[in-house]
Amino acid sequence: MNIPFSPPFVDQDVIDEVVNTLETGWITTGPKVKALEIETAKLVEVNNVLCVNSATSALMLILHWYGIGSGDEVIVPAYTYSATALAVMHVGAIPIMVDIENDFNISVQKIKAAITSRTKAIMPVDIAGWPCNYNEINSLVNDSEIKKLFTPKGVNQENLGRILVLSDAAHSIGAKYYGKQSGTLTDISVFSYHAVKNVTTAEGGAICLNLPEPFDNAEVYKTLRLWSLNGQTKDAYTKTQAGGWRYDIVYPGFKINMPDVCAAIGLAQIKKYTQQLLVERRRVFEAYNKLFSEKDWAILPPFETEYIKSSYHLYALRINSITESERDGMMYEIAKTGVSVNVHFIPMPMLSVFKNMGYDIKEYPNSYANYSREISLPIYPQLTQEQIEFIVLSTEQAFKQIKIF
Ligand SMILES: *Cc1c(COP(=O)(O)O)cnc(C)c1O
């Protein structure tokens with residue numbers, strides 16, 4: 001049975017919305033992007049959402065907006081997709097990697113130990129769609145001793161007066177934490193609308209603004225929008241309106257706006273996300289849990305508690321008492337049955353660019369321990385019960401094969 005890892009959800013509504021965009025004759029930033037921003041804002045229950053061309057550029061834009069640059073430090077988990085740290089490096093700052101807990105998410109104890117007077121931001125990552133311990137992270141940055149260490153540079157840092165919490169919520173659209181939606185849990189959150197994510201625009205990212213007083217989030221939205229389009233006072237769409245040709249460039253901005261033809265895909269998806277797509281993802285997650293809970297060699301990923309709900313982005317299965325090479329062997333056996341599996345994630349200190357900078361996986365034992373036993377199984381709305389049972393059977397057979405030989 002051939003089962004892909006993460007095909008995009010493309011139904012007739014998605015196709016119709018894209019075709020409609022093509023037929024209007026307007027394919028780059030315009031009404032579809034605006035509509036997607038509004039739908040995202042409604043879902044998240046936040047007032048200001050800006051869409052750009054990727055989560056990576058969204059993170060860079062925010063770090064730049066907060067005045068972060070050369071010599072500054074930003075705390076990130078060692079266990080994430082590299083974009084989290086690369087965004088920090090792209091603005092000239094230093095990613096300070098810390099280890100994780102057994103829910104795959106950044107350790108608050110380790111964050112605390114890593115804070116210095118150079119720390120400007122913390123970027124927690126909701127791995128697999130499971131929200132981080134935001135109650136503790138938010139109280140940590142507001143702690144008076146920690147605030148005393150903070151040395152502001154520029155007006156935004158002065159206004160906030162503390163470390164910025166910028167969540168890399170690439171995985172967690174639709175997740176809930178103590179009655180609140182992911183996207184409202186920190187100062188600023190960034191979703192990814194990349195092709196493999198829960199909602200996709202092929203490539204894209206969404207910035208949810210939730211800054212406290214004295215910030216005016218609507219004003220911040222306007223600034224960021226300007227900075228996402230060359231610092232140009234009018235976008236191409238506005239310029240097409242009668243008499244609208246004259247513009248000014250008022251800031252050396254980036255060129256990271258989202259095109260309408262991409263937004264159309266996400267627009268059709270997000271309208272059925274909460275009621276349908278997220279429900280279907282939960283169905284798959286729960287079906288796996290039910291089948292794997294009977295196997296003593298399987299460790300189930302975090303799912304939900306009374307107060308926290310995942311967005312069911314990944315099914316990060318872990319295998320008890322298995323080595324990294326045994327895990328690799330299992331993946332090979334599973335792949336032979338036609339089931340595509342993956343690992344989320346190779347800890348950043350194991351990748352060349354970071355190794356060459358001096359990061360060493362030995363300093364992140366819990367990242368390694370979770371990585372070396374992890375296999376991500378397919379999870380998406382289109383999966384049938386029959387396919388799920390086949391995947392579980394393939395996984396079990398692979399485990400037996402590896403453990404017997
Ligand atoms: C996918 C992903 C990103 C990057 O998203 P893009 O939209 O592709 O830039 C960032 N962080 C994490 C954890 C991701 O999984």
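By about how many helical turns are E333 and K336 separated in helix 13? The two residues stand three positions apart in that helix, which spans residues 324-336, and the separation is therefore about one helical turn. The model is a predicted one, and in it the side chains of E333 and K336 meet in a salt bridge, with 3.6 Å from N to O. The two partners contrast in their surroundings. E333 has a relative accessibility of 16% and counts as buried, because the limit for that class is under 20%. K336, at 56%, counts as exposed, the class that begins over 50%.

A second pair within a helix is found in helix 12, where R282 and E286 are four residues apart and are likewise separated by about one helical turn. Their side chains form a salt bridge in which the closest N and O atoms are 3.1 Å apart. Here R282 is partly exposed, with 27% relative accessibility, and E286 is also partly exposed, at 37%.

The side chains of D13 and K272 meet at 2.6 Å, N to O. D13 belongs to helix 1 (residues 12-24), whereas K272 lies in the loop between helix 11 (260-270) and helix 12 (273-292), so this contact ties together parts that are 259 residues apart in sequence. With a relative accessible area of 39%, D13 is partly exposed; K272 is buried, with a relative accessible area of 14%.

The largest pocket has a volume of about 580 Å³. It is lined by 30 residues, of which Y81, H171, V196, K197 and F345 are the closest to its centre.

The largest share, three residues, comes from helix 3. By class, the lining of the largest pocket comprises 15 nonpolar, 12 polar and three charged residues.

The last topic is a sheet. Strands of a sheet pair through backbone hydrogen bonds, either parallel or antiparallel. In this model, three strands form an open sheet in the order 7-6-11, and the pairing is antiparallel. Strand 7 (180-181) and strand 11 (308-309) stand at the edges; each has a single partner strand, so one side of each is left without a neighbour in the sheet. Strand 6 (residues 176-177) is joined to strand 11 by two bridges, and these two strands run antiparallel. At the level of residues, Y177 has I308 of strand 11 as its bridge partner.

Key. Residues numbered from 1 in each chain as written. Predicted model: local features only at pLDDT ≥ 70, side-chain atom pairs only at ≥ 80, totals over all residues. Heavy atoms only, no water. Salt bridge = Lys/Arg side-chain N within 4 Å of Asp/Glu carboxyl O. Buried < 20%, exposed > 50% of the residue type's maximum accessible area, 1.4 Å probe, protein only. 1 Å grid on protein atoms, 1.4 Å probe; cavity = no way out; pocket = protein on both sides within 12 Å on 5 of 7 lines; lining within 4 Å. Points joined across faces, edges and corners; volume = space filled by probe spheres on them. Nonpolar A, V, L, I, M, F, W, Y, C, P; charged D, E, K, R; others polar. Pairing = 2+ DSSP bridges.
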